[in-house]
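Hello,

Here is the structure for you to look through. Some notes on what was found in it follow below.

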Amino acid sequence: MKTIQLNGQPYEVEKHIDTIGDLLEHFHLGERIVIVEHNRRVLSKEDHKATPLRAGDVVEIVHFVGGG
Amino acid sequence: MLKIGRYQFQSRLFLGTGKFSSLEVQREAVEASEADVLTFAIRRLDVFNPDQPNFLEKLDLKRFTLLPNTAGATTAEEAVRIARLAKASNLCDMIKVEVIADPKTLLPDPIATLEATRILVEEGFTVLPYTSDDPVIARKLWEAGAHAIMPGGAPIGSGQGLLNPMYLRYIIEESPVPVIIDAGIGSPADVVQAMELGADGVLLNTAVSQADDPVKMAEAMKWAVKAGRLGFEAGRIPKRTTASASSPQTGLVK
(Lines give C-alpha, C1' and ligand atoms only; values in the text may rest on other atoms or scores of the structure.)
Protein backbone atom coordinates (compact mmCIF):
# COMPACT_ATOMS: atom_id res chain seq x y z
CA MET A 1 0.00 0.00 0.00
CA LYS A 2 1.03 3.60 -0.49
CA THR A 3 -0.57 6.71 0.91
CA ILE A 4 -1.64 9.62 -1.26
CA GLN A 5 -3.52 12.79 -0.42
CA LEU A 6 -6.87 12.52 -2.25
CA ASN A 7 -9.31 15.44 -2.24
CA GLY A 8 -7.80 16.72 0.97
CA GLN A 9 -7.77 13.38 2.83
CA PRO A 10 -5.09 10.71 3.20
CA TYR A 11 -5.97 7.63 1.18
CA GLU A 12 -4.33 4.22 1.00
CA VAL A 13 -4.01 2.83 -2.50
CA GLU A 14 -2.95 -0.64 -3.58
CA LYS A 15 0.57 -0.85 -4.92
CA HIS A 16 -0.60 -1.97 -8.39
CA ILE A 17 -2.38 1.34 -8.94
CA ASP A 18 0.49 2.91 -10.81
CA THR A 19 -1.06 5.80 -12.71
CA ILE A 20 -3.79 8.40 -12.48
CA GLY A 21 -5.65 6.36 -15.10
CA ASP A 22 -5.51 3.31 -12.77
CA LEU A 23 -6.81 5.42 -9.88
CA LEU A 24 -9.79 6.61 -11.94
CA GLU A 25 -10.55 3.02 -12.96
CA HIS A 26 -10.33 1.96 -9.31
CA PHE A 27 -13.17 4.39 -8.52
CA HIS A 28 -15.06 3.48 -11.72
CA LEU A 29 -14.55 7.01 -13.04
CA GLY A 30 -12.93 6.10 -16.35
CA GLU A 31 -15.94 7.10 -18.42
CA ARG A 32 -17.13 9.96 -16.25
CA ILE A 33 -16.68 13.69 -16.73
CA VAL A 34 -14.04 14.37 -14.12
CA ILE A 35 -10.94 16.54 -14.04
CA VAL A 36 -7.78 15.61 -12.20
CA GLU A 37 -5.13 17.78 -10.66
CA HIS A 38 -1.88 15.98 -9.81
CA ASN A 39 0.59 17.70 -7.49
CA ARG A 40 -0.99 21.05 -8.37
CA ARG A 41 -0.72 20.40 -12.11
CA VAL A 42 -4.01 20.19 -14.00
CA LEU A 43 -4.00 17.12 -16.25
CA SER A 44 -5.60 16.82 -19.63
CA LYS A 45 -7.58 13.63 -20.18
CA GLU A 46 -4.87 12.26 -22.48
CA ASP A 47 -2.31 12.53 -19.67
CA HIS A 48 -4.21 10.35 -17.18
CA LYS A 49 -2.79 7.00 -18.26
CA ALA A 50 0.79 8.27 -18.56
CA THR A 51 0.92 10.09 -15.23
CA PRO A 52 2.56 7.93 -12.55
CA LEU A 53 1.04 7.81 -9.07
CA ARG A 54 3.56 7.75 -6.25
CA ALA A 55 3.35 7.72 -2.47
CA GLY A 56 2.83 11.23 -1.12
CA ASP A 57 1.23 12.56 -4.32
CA VAL A 58 -1.50 15.13 -3.92
CA VAL A 59 -4.49 14.38 -6.14
CA GLU A 60 -7.69 16.31 -6.64
CA ILE A 61 -10.58 14.73 -8.56
CA VAL A 62 -13.23 17.32 -9.33
CA HIS A 63 -16.37 17.56 -11.42
CA PHE A 64 -19.10 19.95 -12.51
CA VAL A 65 -21.95 20.52 -10.06
CA GLY A 66 -24.96 22.82 -10.11
CA GLY A 67 -24.04 26.45 -9.53
CA GLY A 68 -24.91 29.97 -10.56
CA MET B 1 -27.91 37.30 -31.79
CA LEU B 2 -25.57 37.76 -28.85
CA LYS B 3 -21.83 37.52 -29.53
CA ILE B 4 -19.32 36.92 -26.76
CA GLY B 5 -15.75 36.36 -27.92
CA ARG B 6 -15.95 33.65 -30.56
CA TYR B 7 -19.38 32.46 -29.37
CA GLN B 8 -22.83 33.35 -30.69
CA PHE B 9 -26.05 32.74 -28.81
CA GLN B 10 -29.70 32.93 -29.81
CA SER B 11 -30.92 33.34 -26.25
CA ARG B 12 -29.98 36.28 -24.05
CA LEU B 13 -30.94 34.34 -20.93
CA PHE B 14 -28.12 32.54 -19.10
CA LEU B 15 -29.36 30.08 -16.52
CA GLY B 16 -27.62 28.90 -13.38
CA THR B 17 -28.00 25.27 -12.34
CA GLY B 18 -27.79 25.50 -8.54
CA LYS B 19 -30.39 24.81 -5.86
CA PHE B 20 -33.00 22.96 -7.92
CA SER B 21 -35.21 20.56 -5.95
CA SER B 22 -34.64 17.68 -8.37
CA LEU B 23 -32.84 16.88 -11.60
CA GLU B 24 -36.20 16.39 -13.33
CA VAL B 25 -37.47 19.86 -12.36
CA GLN B 26 -34.13 21.25 -13.43
CA ARG B 27 -34.27 19.53 -16.81
CA GLU B 28 -37.76 20.89 -17.46
CA ALA B 29 -36.79 24.37 -16.30
CA VAL B 30 -33.76 24.43 -18.59
CA GLU B 31 -36.00 23.28 -21.44
CA ALA B 32 -38.62 25.97 -20.70
CA SER B 33 -36.00 28.72 -20.42
CA GLU B 34 -34.61 28.01 -23.91
CA ALA B 35 -31.25 29.16 -22.54
CA ASP B 36 -28.16 28.35 -24.59
CA VAL B 37 -25.71 28.98 -21.76
CA LEU B 38 -25.75 27.12 -18.45
CA THR B 39 -23.49 27.87 -15.51
CA PHE B 40 -21.88 25.27 -13.30
CA ALA B 41 -19.53 25.16 -10.33
CA ILE B 42 -16.44 22.98 -9.90
CA ARG B 43 -16.23 20.90 -6.73
CA ARG B 44 -14.42 17.88 -5.37
CA LEU B 45 -16.07 14.63 -6.40
CA ASP B 46 -17.14 12.32 -3.59
CA VAL B 47 -15.07 9.41 -4.90
CA PHE B 48 -16.73 7.00 -2.49
CA ASN B 49 -20.21 7.85 -3.83
CA PRO B 50 -19.45 8.52 -7.48
CA ASP B 51 -22.89 7.43 -8.68
CA GLN B 52 -24.79 10.36 -7.22
CA PRO B 53 -26.86 11.91 -10.02
CA ASN B 54 -25.02 14.57 -11.96
CA PHE B 55 -26.97 17.05 -14.06
CA LEU B 56 -24.19 17.85 -16.49
CA GLU B 57 -23.69 14.22 -17.42
CA LYS B 58 -27.36 14.00 -18.43
CA LEU B 59 -27.22 17.05 -20.68
CA ASP B 60 -26.99 17.05 -24.44
CA LEU B 61 -23.69 18.89 -24.49
CA LYS B 62 -24.03 19.73 -28.17
CA ARG B 63 -27.04 21.91 -27.38
CA PHE B 64 -25.61 23.99 -24.57
CA THR B 65 -22.54 26.08 -23.95
CA LEU B 66 -21.14 25.59 -20.48
CA LEU B 67 -20.15 28.57 -18.40
CA PRO B 68 -18.34 27.20 -15.35
CA ASN B 69 -17.78 29.64 -12.53
CA THR B 70 -14.93 30.04 -10.09
CA ALA B 71 -17.30 30.25 -7.12
CA GLY B 72 -15.55 29.34 -3.91
CA ALA B 73 -12.46 31.32 -4.87
CA THR B 74 -11.44 34.14 -2.57
CA THR B 75 -8.17 34.96 -4.33
CA ALA B 76 -7.12 35.45 -7.95
CA GLU B 77 -4.87 32.41 -7.66
CA GLU B 78 -7.77 30.17 -6.60
CA ALA B 79 -9.94 31.50 -9.41
CA VAL B 80 -7.25 30.78 -11.99
CA ARG B 81 -6.79 27.28 -10.60
CA ILE B 82 -10.53 26.51 -10.85
CA ALA B 83 -10.67 27.98 -14.36
CA ARG B 84 -7.84 25.73 -15.51
CA LEU B 85 -9.57 22.70 -13.99
CA ALA B 86 -12.79 23.56 -15.83
CA LYS B 87 -11.00 24.00 -19.15
CA ALA B 88 -9.18 20.67 -18.79
CA SER B 89 -12.58 18.97 -19.20
CA ASN B 90 -12.31 19.91 -22.89
CA LEU B 91 -15.98 20.92 -22.66
CA CYS B 92 -15.59 24.68 -22.61
CA ASP B 93 -13.20 27.59 -22.57
CA MET B 94 -15.63 30.13 -21.17
CA ILE B 95 -15.21 31.05 -17.54
CA LYS B 96 -17.24 33.17 -15.16
CA VAL B 97 -14.63 34.74 -12.91
CA GLU B 98 -16.14 34.99 -9.45
CA VAL B 99 -13.90 35.96 -6.56
CA ILE B 100 -15.90 36.64 -3.44
CA ALA B 101 -14.54 39.10 -0.90
CA ASP B 102 -17.20 39.05 1.76
CA PRO B 103 -19.27 36.09 3.01
CA LYS B 104 -22.21 38.23 4.13
CA THR B 105 -22.84 40.25 0.98
CA LEU B 106 -21.07 37.88 -1.43
CA LEU B 107 -19.74 40.97 -3.13
CA PRO B 108 -16.82 40.36 -5.47
CA ASP B 109 -13.23 41.36 -4.74
CA PRO B 110 -12.64 43.84 -7.57
CA ILE B 111 -8.86 43.74 -7.42
CA ALA B 112 -8.59 39.94 -7.40
CA THR B 113 -11.27 39.74 -10.12
CA LEU B 114 -9.26 42.07 -12.33
CA GLU B 115 -6.05 40.15 -11.65
CA ALA B 116 -7.64 36.79 -12.49
CA THR B 117 -9.26 38.27 -15.60
CA ARG B 118 -5.88 39.48 -16.88
CA ILE B 119 -4.27 36.06 -16.39
CA LEU B 120 -7.13 34.10 -17.95
CA VAL B 121 -7.42 36.40 -20.98
CA GLU B 122 -3.70 35.88 -21.49
CA GLU B 123 -4.20 32.10 -21.31
CA GLY B 124 -6.83 32.20 -24.05
CA PHE B 125 -10.01 31.76 -22.02
CA THR B 126 -13.25 33.50 -22.95
CA VAL B 127 -13.59 35.52 -19.77
CA LEU B 128 -16.81 36.81 -18.21
CA PRO B 129 -16.06 38.42 -14.84
CA TYR B 130 -18.79 38.78 -12.25
CA THR B 131 -18.37 42.28 -10.86
CA SER B 132 -20.16 44.89 -8.78
CA ASP B 133 -22.14 47.74 -10.33
CA ASP B 134 -19.07 50.01 -10.21
CA PRO B 135 -18.58 51.50 -13.70
CA VAL B 136 -14.88 52.18 -13.08
CA ILE B 137 -14.08 48.55 -12.30
CA ALA B 138 -16.21 47.47 -15.24
CA ARG B 139 -14.09 49.67 -17.50
CA LYS B 140 -10.87 48.23 -16.13
CA LEU B 141 -12.19 44.72 -16.78
CA TRP B 142 -12.94 45.27 -20.46
CA GLU B 143 -9.70 47.18 -20.82
CA ALA B 144 -8.01 44.04 -19.48
CA GLY B 145 -9.61 42.04 -22.29
CA ALA B 146 -12.74 40.57 -20.66
CA HIS B 147 -15.09 39.30 -23.35
CA ALA B 148 -18.21 40.37 -21.44
CA ILE B 149 -18.87 42.19 -18.18
CA MET B 150 -21.30 40.75 -15.64
CA PRO B 151 -22.30 43.34 -13.06
CA GLY B 152 -24.62 42.24 -10.29
CA GLY B 153 -28.03 43.85 -9.94
CA ALA B 154 -28.04 43.08 -6.22
CA PRO B 155 -26.30 40.60 -3.89
CA ILE B 156 -26.32 37.00 -5.15
CA GLY B 157 -29.54 35.18 -4.32
CA SER B 158 -31.13 38.25 -2.69
CA GLY B 159 -33.87 38.71 -5.29
CA GLN B 160 -33.67 42.48 -4.73
CA GLY B 161 -33.67 43.37 -8.42
CA LEU B 162 -31.57 46.23 -9.79
CA LEU B 163 -30.43 48.33 -6.83
CA ASN B 164 -28.53 50.84 -8.92
CA PRO B 165 -29.95 51.04 -12.42
CA MET B 166 -28.14 54.31 -13.04
CA TYR B 167 -24.69 52.79 -12.53
CA LEU B 168 -25.70 49.77 -14.61
CA ARG B 169 -26.70 52.16 -17.37
CA TYR B 170 -23.29 53.85 -17.17
CA ILE B 171 -21.64 50.44 -17.58
CA ILE B 172 -23.89 49.43 -20.48
CA GLU B 173 -23.48 52.72 -22.34
CA GLU B 174 -19.73 52.68 -22.10
CA SER B 175 -18.84 49.01 -22.57
CA PRO B 176 -17.57 47.85 -25.97
CA VAL B 177 -18.24 44.23 -24.92
CA PRO B 178 -21.58 42.68 -23.97
CA VAL B 179 -22.98 43.41 -20.49
CA ILE B 180 -24.82 40.57 -18.77
CA ILE B 181 -26.68 41.50 -15.59
CA ASP B 182 -25.79 38.73 -13.18
CA ALA B 183 -27.14 38.18 -9.66
CA GLY B 184 -29.89 39.73 -7.61
CA ILE B 185 -32.71 39.21 -10.10
CA GLY B 186 -35.94 38.31 -8.29
CA SER B 187 -38.73 38.45 -10.85
CA PRO B 188 -39.52 38.83 -14.55
CA ALA B 189 -40.05 42.57 -13.93
CA ASP B 190 -36.37 42.87 -12.91
CA VAL B 191 -35.34 41.10 -16.10
CA VAL B 192 -37.42 43.41 -18.27
CA GLN B 193 -35.91 46.41 -16.50
CA ALA B 194 -32.37 45.12 -17.09
CA MET B 195 -33.03 44.43 -20.75
CA GLU B 196 -34.77 47.78 -21.27
CA LEU B 197 -31.70 49.47 -19.82
CA GLY B 198 -29.85 47.95 -22.76
CA ALA B 199 -28.21 44.96 -21.11
CA ASP B 200 -27.17 42.32 -23.63
CA GLY B 201 -28.43 39.53 -21.42
CA VAL B 202 -29.14 38.35 -17.89
CA LEU B 203 -27.78 35.49 -15.82
CA LEU B 204 -30.05 34.22 -13.10
CA ASN B 205 -30.41 31.14 -10.98
CA THR B 206 -32.18 31.44 -7.62
CA ALA B 207 -35.11 33.41 -9.10
CA VAL B 208 -35.96 30.28 -11.10
CA SER B 209 -34.69 27.40 -8.97
CA GLN B 210 -36.36 28.66 -5.78
CA ALA B 211 -39.61 29.87 -7.34
CA ASP B 212 -42.79 28.03 -6.31
CA ASP B 213 -42.94 26.64 -9.84
CA PRO B 214 -39.43 26.74 -11.30
CA VAL B 215 -40.50 25.48 -14.72
CA LYS B 216 -43.16 28.16 -15.13
CA MET B 217 -40.76 30.82 -13.84
CA ALA B 218 -38.12 29.69 -16.34
CA GLU B 219 -40.61 30.27 -19.12
CA ALA B 220 -41.60 33.66 -17.64
CA MET B 221 -37.93 34.68 -17.62
CA LYS B 222 -37.57 33.64 -21.23
CA TRP B 223 -40.45 35.95 -22.24
CA ALA B 224 -39.19 38.74 -19.97
CA VAL B 225 -35.81 38.71 -21.71
CA LYS B 226 -37.48 38.85 -25.11
CA ALA B 227 -39.97 41.56 -24.09
CA GLY B 228 -37.31 43.72 -22.47
CA ARG B 229 -34.95 43.40 -25.41
CA LEU B 230 -37.68 44.23 -27.94
CA GLY B 231 -38.72 47.20 -25.83
CA PHE B 232 -35.14 48.44 -25.74
CA GLU B 233 -34.75 48.08 -29.49
CA ALA B 234 -38.12 49.70 -30.13
CA GLY B 235 -37.22 52.76 -28.01
CA ARG B 236 -39.60 53.80 -25.28
CA ILE B 237 -41.47 57.14 -25.20
CA PRO B 238 -40.13 59.84 -22.92
CA LYS B 239 -41.89 60.24 -19.60
CA ARG B 240 -44.10 63.35 -19.48
CA THR B 241 -45.52 65.23 -16.55
CA THR B 242 -48.82 65.91 -18.31
CA ALA B 243 -51.40 63.73 -20.05
CA SER B 244 -51.54 63.39 -23.81
CA ALA B 245 -54.82 62.05 -25.24
CA SER B 246 -54.55 58.90 -27.34
CA SER B 247 -57.85 59.54 -29.16
CA PRO B 248 -58.45 62.37 -31.68
CA GLN B 249 -59.47 65.69 -30.15
CA THR B 250 -61.55 66.63 -33.24
CA GLY B 251 -64.94 65.32 -34.43
CA LEU B 252 -66.09 64.79 -30.90
CA VAL B 253 -69.67 63.47 -30.61
CA LYS B 254 -71.45 66.04 -28.46
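How much area is buried between chain A and chain B? The area is about 2600 Å², and carbon and sulfur atoms give 59% of it; buried area is the accessible area (1.4 Å probe) that two parts lose on being put together, summed over both. On the side of chain A, A:Arg32, A:Phe64 and A:Gly68 lose the most area to chain B, together 27% of what that side buries.

Please keep in mind that this is a predicted model, in which local features need pLDDT of at least 70, side-chain atom pairs count only at pLDDT 80 or more, and totals for chains, interfaces and linings use all residues. Residues are numbered from 1 along each chain as its sequence is written, chains are lettered from A and ligands numbered from 1 in the order in which they are written, and side-chain values use heavy atoms, with hydrogens and water left out.

In terms of contact (heavy atoms within 4.5 Å), 24 residues of chain A meet 33 residues of chain B.

The interface has four salt bridges, each a side-chain nitrogen of Lys or Arg within 4 Å of a carboxyl oxygen of Asp or Glu. One of them joins A:Arg32 to B:Asp51, with the closest N and O atoms 3.7 Å apart.

Strands here are DSSP runs of E, at least two residues, numbered from the N terminus. β5(A) runs antiparallel to β4 (residues 37-44) of chain B, and five bridges join them; two strands pair if DSSP finds at least two bridges between them. A:Phe64 has B:Ile42 as its bridge partner in β4(B).

Regards

Terms used
Helices (H or I, at least four residues) and strands (E, at least two) are DSSP runs, numbered from the N terminus.
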